[in-house]
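Student: I'd like to go through this model and ask where its labels come from. Could you set the values against the cut-offs for me?

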Amino acid sequence: HIYKCPNCGTLTKRLNPTDLLRDGTKFYSDFSVNISKNCVWPRIAKCRECDTISWLRNLNRVKPKVVYDESLVADIKDVGYLDLEDYFTVLSSGVVENETDELLVRRNIWWLYNDRVKLVKRIYKDKDDLKRWTNNIEHYLRLLETTGIVDKVVIAEINRNLGEFDNCISILNSIEDDQWLEYRKRLIAECE
């Protein structure tokens, strides 16, 4: 898909989701895949020309027939991924339009913090960063539904991240679906 920056008109393209996983796939307990920054199929992006952050929605999608020249399409750059600061800017700038948007942004912030652990770094840099990390996952936790199994597992994992190990274990034990048995065992072992 090709999108047009709503500010400067620069064209950008979003890769096919399967292209993001061409170098192998590693799944994590927070439901991220590989290093999130490069493997999240972006639904929000930053213009590489003017730094405008916008949603990749039909509103700014360019119909294929509009771009006639095949060589022009080959020269269009991939979308610009957001970094941690960009996502915090999204939360404070009015780009988030609804609860679904906020869920996506807060989840991606959580994943980017968790990427630090995957890269054997500290999850937060200082007390202010710890406050931002905690504030984000606490807000994310409040937005999640408690009825679906996947959300319950995410809630359990967030509780584990917050050091609320008893809560995590209690939530995991409430999930009776055998499909999650191995996952539950692994997370409970991590909590213990």
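Tutor: Below, we take the labels one by one.

Student: What should I keep in mind before reading the values?

Tutor: This is a predicted model, where local features need pLDDT of at least 70, side-chain atom pairs count only at pLDDT 80 or more, and totals for chains, interfaces and linings use all residues. Residues are numbered from 1 along each chain as its sequence is written, and side-chain values use heavy atoms, with hydrogens and water left out.

Student: What is the average pLDDT of the protein chain?

Tutor: The average is 85, and 85% of the residues score at least 70; pLDDT is the predictor's confidence in each residue, from 0 to 100. Where pLDDT is low, the predicted coordinates should not be read in detail.

Student: How many helices and strands does the protein chain have?

Tutor: Eight helices and five strands. Both are DSSP runs numbered from the N terminus: helices are H or I with at least four residues, strands are E with at least two. The order from the N terminus on is β-β-α-β-β-β-α-α-α-α-α-α-α.

Student: Why is valine 90 called buried?

Tutor: Buried means under 20% relative accessible area, exposed over 50%, and partly exposed in between (1.4 Å probe, protein chains only). Valine 90 has 0%, so it counts as buried. This residue sits in helix H3 (residues 84–93). Leaving out residues up to four places away in sequence, valine 90 touches Ile44, Ile53, Leu82, Val95, Val96 and Val105, where contact means heavy atoms within 4.5 Å.

Student: What makes asparagine 159 buried as well?

Tutor: Its relative accessible area is 7%, so asparagine 159 passes the cut-off too. Asparagine 159 belongs to helix H6 (residues 149–161).

Student: Which side chain makes a polar contact with the side chain of asparagine 159?

Tutor: That of asparagine 167, at 3.4 Å. A polar contact is a pair of N or O atoms within 3.5 Å; within protein, one must be able to donate a hydrogen and the other to accept it, and residues adjacent in sequence count only if both atoms are side-chain atoms. A polar side-chain atom of asparagine 159 also lies 2.8 Å from the backbone oxygen of isoleucine 155.

Student: What makes aspartate 126 a cap for H5?

Tutor: One of its side-chain oxygens lies 3.1 Å from the backbone nitrogen of aspartate 128, at the N-terminal end of H5. At the start of H4, a side-chain oxygen of asparagine 98 comes to within 3.1 Å of the backbone nitrogen of threonine 100.

Student: Why is H4 called mostly covered?

Tutor: Of its 20 residues, 15 are buried. In H5, the buried residues include Trp133, Ile137 and Tyr140, and the buried residues of H5 pack against H3, H4 and H6.

Student: How much of the whole protein chain is buried?

Tutor: Buried residues make up 41% of the 192.
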